[in-house]
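Hello,

Here is the model I promised to pass on. Have a look at it first, and then read my notes below.

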Amino acid sequence: MTSALSGELSMMVRRCLLTFKPFRLFVLGIGFFSLFFLMTSLGGQFPGRRPADSPFIVQAEESAGQESRGGLKKISDMLEVILRRVDALTKLGNSNDTSHRLEELSSALDRIQPLGTMVERIQALAQNMSDTAVKMEQILQRRSVTGSRDMDVPTRQCEIPKDPLFPDCSTKMDWMRARWTSDPCYSFYGVDGSDCSFLVYLSEVEWFCPPLPGRNQTTMPTPEPPPKQKAVFQFDVGPLLEQVGTRKESLNFMKKRIRMLAAQWASAARRLHDKLQTRRREQKRILVHVGFLTEESGDVFSPKVLKGGPLGEMVQWADILATLHVLGHRLKISVSLKELQQFLGAPPGRGSCPPTGPLPFDLIYTDYHGLKQMKQHMSLTLKKHKCHVRVIDTFGTEPAYNHEAYATQHGYRTNWGYWNLNSLQYMTMFPHTPDNSFMGFVVEEVNETERLSIQKNKVNNMAVVYGKDASMWKVTAFLLKGKDKFLELLHHHMEIHGTVYYDSQRPPQVPAFVKNHGLLPQHELQQVLRKAKLFIGFGFPYEGPAPLEAIANGCIFLQPMFNPPHSSFNHDFFKGKPTSRVVASQHPYAEQFIGRPHVLTMDFGNWTTFNDTIREIMELNVEPFVPHEFTCEGMLERVHAYIQNQDFCSPQKPFPSSSDSSSSWPGDPPSPFRLLPNSSALSWALSGSAQPSWPPLTALRVLASAPNHSCVKTCQEAGLICEPAFFHYINVKEAFTALNFVCEGVELEINHLLPAVPVEHKECHLQQDSLLFSCAGSSPKYTRLCPCRDYRRGQVALCGDCL
């Protein structure tokens, strides 16, 4: 029976070889075989008598039946693949390659003997045909994309050109000869295995070889960028909600959040519209690729949305989407590699080749996962377009970790960082790292009616513990020894509530006196916080949005200080993160920028002080409070200013530097700086038009640090903020002179602490690599030059004149 069927199918294939048009007959033959296999495998489930001597008779074993059904499903799936590819194949006519494939098919069918190998052979055959069809479709697509561009070259031997301007051409040719079949994208661009096709690709698609003589280089003109349009505020979030979709539970969470804040976004947009008046805002084409939500990155967040997992990142991404939409920009949203590849115009394959055209976006917001995925799909062209990228980075990335070569040589290399971006392209959740841009998120505000209700209904002896996942309580127990003792002490004064997720079969390990509500929806959590007087943290999680939400609902946040402070040098949680930042409390922003009476930070190691502090909290009366920078309007202001003013793609305009140690400031006045009256700080002496900058140079204040002080600390102690964008202007000998340093010599070096003066020497050291300009970092060996600026009240990211 098997040999007869094999012979019949073989004859069918040979007939298809004679006339390729009725190729579907082959598929019909496979379908007939599948139907026959189904009927005989399922035996008595179909009417009619089974032939006793059929080789397909299934014995009584269940496993055999399951195997047959599994094989049938594989055949069915393969038939679907073949049918989808047939149309592409038929367009190509009787090509030699296709005929060869079908001859292989016929030969394979002739060799089929035992049933056990039948399914495997058909599976291999279908995969072979599918791969062939994919390749042919790619060729067709390439031909349609390249249009009139002729990828063929004269039928002559192509020699590798020896051009000193293209030193890597020969090496890349050797690589192409060995590896051009490793990715289908090379065939997409016309590579066929010949040296001539390699040279065409390496000169016209990539840039490693010079153009071949006789090739018309003007057949593919670079398309003109679309005309610039004015951005118009969008007061309706409905179109954004439709665009986000419902593909994942995490996206549903983000949609609910956007919908919940819709009214606040609309009113904030109207206020900012009035504030900006008639100022023109350019509309940007923006890709938002949320890399950590892609299946390829593991997407550990989506399954935990409803189980108490960390939601800080999704809160921030939801607010970023809302901000960009309300500001009136054109968005594309990607949460999969397929969408990313499509939006970037990447060719089919594994990402070894560059995209087919210019980057269709002005800005790309992504995260570290997304950045790696972009490198995978953009190949070497990512280097060209990195200036368009903004990386959402929760904890921040310092320049010493961002500079790949420097990080590798000096021990700053981690699993993240090392992307050689401008440090301001990293955008953080809190303004804890001035080397990076502060993106932030939004905390829902209460209206006047809700404010009065909160103050009226507060329960002075009610406390809520920070941490909604049982694992957070376990980490807390490790960070803070004697946690249960503190909870017992707190329990003597207050009723303790928790919002820890739990499965009905496995209750969480929390003390019995804690009233656990389980994981609550946002509106129910708000009701609990509006009644509670205290929101208490025991050290973990670090720097989340929950404390600000509690403060916005009238709670006092009590947190522990860390002694010694936590960092990547002494704590596992921070190890591997691209920052040396020292965290002295659970939520440094709340401690530094909000403080008393809303935030109390104390040493939990002193039980007497702890007891007294709880009594103090029960007597305090505070109103709901949200810092302006965490309101919808504050976030709109900040992101608007970034989009309209931050430009990392235009070459930095030259500024006189001391690359020649004998040079002096050529301008008039003789120095670009002047010493402020009754101060040790410098200001900018030139008119703003002479050196256009953002932030404007009128905000610049130059200070000398104490030894072993970072510029972050130096500026902070003066009530200012370190501004890395200003390093370019103070990296000159005149800055030292204006601060009364005597420079016996000026040296250019690569060090993230420069510009600086060594304590034990008289030389002045300037920074040679602009990627290493850093507010972070200190050494007892150096007195650093620090560029500081003022900031708007409640908006630390913007100077007084930055909006």
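In α13, the buried residues are Leu337, Glu339, Leu340, Gln341, Phe343 and Leu344; buried here means under 20% relative accessible area, exposed over 50%, and partly exposed in between, with a 1.4 Å probe and protein chains only. Before going further: this is a predicted model, where local features need pLDDT of at least 70 and side-chain atom pairs count only at pLDDT 80 or more, while totals for chains, interfaces and linings use all residues. Residues are numbered from 1 along each chain as its sequence is written, and side-chain values use heavy atoms, with hydrogens and water left out.

With 6 of its 8 residues buried, α13 is mostly covered. Helices (H or I, at least four residues) and strands (E, at least two) are DSSP runs, numbered from the N terminus. The buried residues of α13 pack against β1 (285–289), β2 (330–334), β3 (363–366) and α14, where contact means heavy atoms within 4.5 Å. After α13 comes Gly345, which has a positive phi, near 75 degrees.

How do the two helices cross? The axes of α13 (residues 337–344) and α14 (residues 368–378) come within 10 Å and cross at roughly 55 degrees. That makes α13 oblique to α14, since angles under 35 degrees count as roughly parallel, over 145 as roughly antiparallel, 65 to 115 as roughly perpendicular and the rest as oblique. The axes are lines fitted to C-alpha atoms, for helices over the stretch in contact, and angles run from 0 to 180 degrees between N-to-C directions.

From α13, Leu337, Leu340, Gln341 and Leu344 meet Gln373, Met374, Gln376, His377 and Met378 of α14. By class, this contact of α13 with α14 has 5 nonpolar, 4 polar and no charged residues (Ala, Val, Leu, Ile, Met, Phe, Trp, Tyr, Cys and Pro count as nonpolar, Asp, Glu, Lys and Arg as charged, and the others, Gly among them, as polar).

**Ser710**

Further along, Ser710 is found in the loop between β16 (701–704) and α26 (711–717). Ser710 is buried, at a relative accessible area of 15%. Its side chain reaches the backbone nitrogen of Lys713 at 3.2 Å. Leaving aside residues up to four places away in sequence, Ser710 touches Cys775, Ala776, Gly777, Ser778 and Arg784.

**The chain overall**

The chain has 28 helices and 21 strands, and 52% of its 803 residues count as buried.

Best wishes

Definitions and conventions: A polar contact is a pair of N or O atoms within 3.5 Å; within protein, one must be able to donate a hydrogen and the other to accept it, and residues adjacent in sequence count only if both atoms are side-chain atoms.
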